[in-house]
Amino acid sequence: MNAYLLLANGMVFAGQSVGAEGVTVGEVVFATGMVGFQETLTDPSYYGQIITQTYPLIGNYGMNSQDYESDRVWCRGYIVREACAHPSNWRCETTLDQFLKDQNVIGIQGVDTRFLTRTIRESGVMNGAISTEIQPEDKAAVAELMEEIKAYTIVDAVKTTTCKEPRVYNPEGDIHVALLDLGCKENIVRCLVKRGCKVTVVPSFTTAEQLAELNPDGLMLSNGPGDPEENVEVIAELKKMLGTGIPAFGICMGHQVTALAAGASTVKMKYGHRGANQPVTDFATGRTFITSQNHGYAVKGDTLPAEMGKMSAINANDHTCEGVDYTAWNCFTVQFHPEANGGPKDTEFLFDRFIDRIKAAKKGEC
């Protein structure tokens, strides 16, 4: 079946349907990962977006029931150059096409993703639509869809993707970490459990008073989708939480809302960082790590009040803020994903640093 991708700038890309049929509208972004397509699809940080995979062959090792980062697909659509119809891997349970059908995700293959990516890099992320129903020669239908494309905006992203009630993992763990779910990837939980932690995942709307009732030893702030400045209530409660001196570690959205709570500002990036090959230079060691990232907003490092903390890392490509060490709070944050094992485990040591801070706090050493 034919499918078409329409961009807000009027460009039309013809291809073939993959996954579900119908019409979907979203923000078109690109991700540069060569593998990890199932993790990408189930990452809540892609809420509201249509994902373009820059690598030309996607689905070659298939899909399985173990590699989910959440319980469903959150993106609005999927664009690939070629969807592998005959995957080969001992863990494979189904094809990409069937997985997208099961998840009711509309996709398109046969698109020149190289040209599409260059268009987004030059123009910036833009809205678009994938359709298996509307033909380009149907001017009236295209005009109506174009109005919908131009009007589309991502709202209530964190509120939509967060859990609705607390859930506990590894209840016998000797260190209790509360994980504020802003659109959390499951591997964050796994990394904490692997280190012997009891993890209580709590909704984004949890108040400081409710957190205090849990009496956790540490606070983990997860990744998540959308504009960080939209989360006014989360930011207000986070100020109270961090003001107690609880050891805290923030990732991605957690990094951004913490900076906002500290008085810094954020900015929407031209096309964001999405993929497993983003270089991050750590100031303390001088080392540059290749990291996995997925974000369209960045903390403006020069707006962080000096009395609150200082930048700890920058992106080696565009020099955007990649980390903050706070002095006013017992907290540090990073923009990238240390749980994603991009190199394959380059920055997972940050979880150990977090646990060490918790242990020191319990001993009264910080």
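**Close-up 1. The buried residues of helix 3 in the predicted model.** In this predicted model, helix 3, which spans residues 113-123, has T113, L116, T117, T119 and I120 as its buried residues. Seen down the axis of helix 3, these buried residues fall within an arc of 155°, and they therefore line one face of the helix. The exposed residues R114, R118 and E122 are carried on the face of helix 3 that is turned away from its buried side. Just after helix 3 comes G124, whose phi is positive, at about 95°.

Close-up 2. E69 is found in the loop that runs between strand 5 (57-58) and strand 6 (77-79). When its neighbours within four places in sequence are left aside, E69 is in contact with E39, T42, D43, C184, K185, E186, N187 and R190.

**Close-up 3. The largest pocket and its lining.** The volume of the largest pocket is about 580 Å³. Its lining comprises 29 residues, of which V35, G36, E39, S292 and A340 are the closest to the centre of the pocket. At least two residues of this lining are supplied by each of helix 1 (37-41), helix 6 (186-194), strand 15 (265-282) and strand 16 (288-300). E39, listed here among the residues closest to the pocket centre, is also one of the contacts of E69.

Definitions and conventions: Residues are numbered from 1 along each chain as its sequence is written. This is a predicted model: local features need pLDDT of at least 70, side-chain atom pairs count only at pLDDT 80 or more; totals for chains, interfaces and linings use all residues. Side-chain values use heavy atoms; hydrogens and water are left out. Buried means under 20% relative accessible area, exposed over 50%, partly exposed in between (1.4 Å probe, protein chains only). Helices (H or I, at least four residues) and strands (E, at least two) are DSSP runs, numbered from the N terminus. The arc is that of the directions from the helix axis to the C-beta atoms. Contact means heavy atoms within 4.5 Å. On a 1 Å grid over the protein atoms alone, a cavity is a set of points where a 1.4 Å probe fits but cannot get out, and a pocket is an open set with protein on both sides within 12 Å along at least five of seven lines; lining residues have an atom within 4 Å of a point. Grid points are joined across faces, edges and corners, and a volume is the space filled by probe spheres set on the points.
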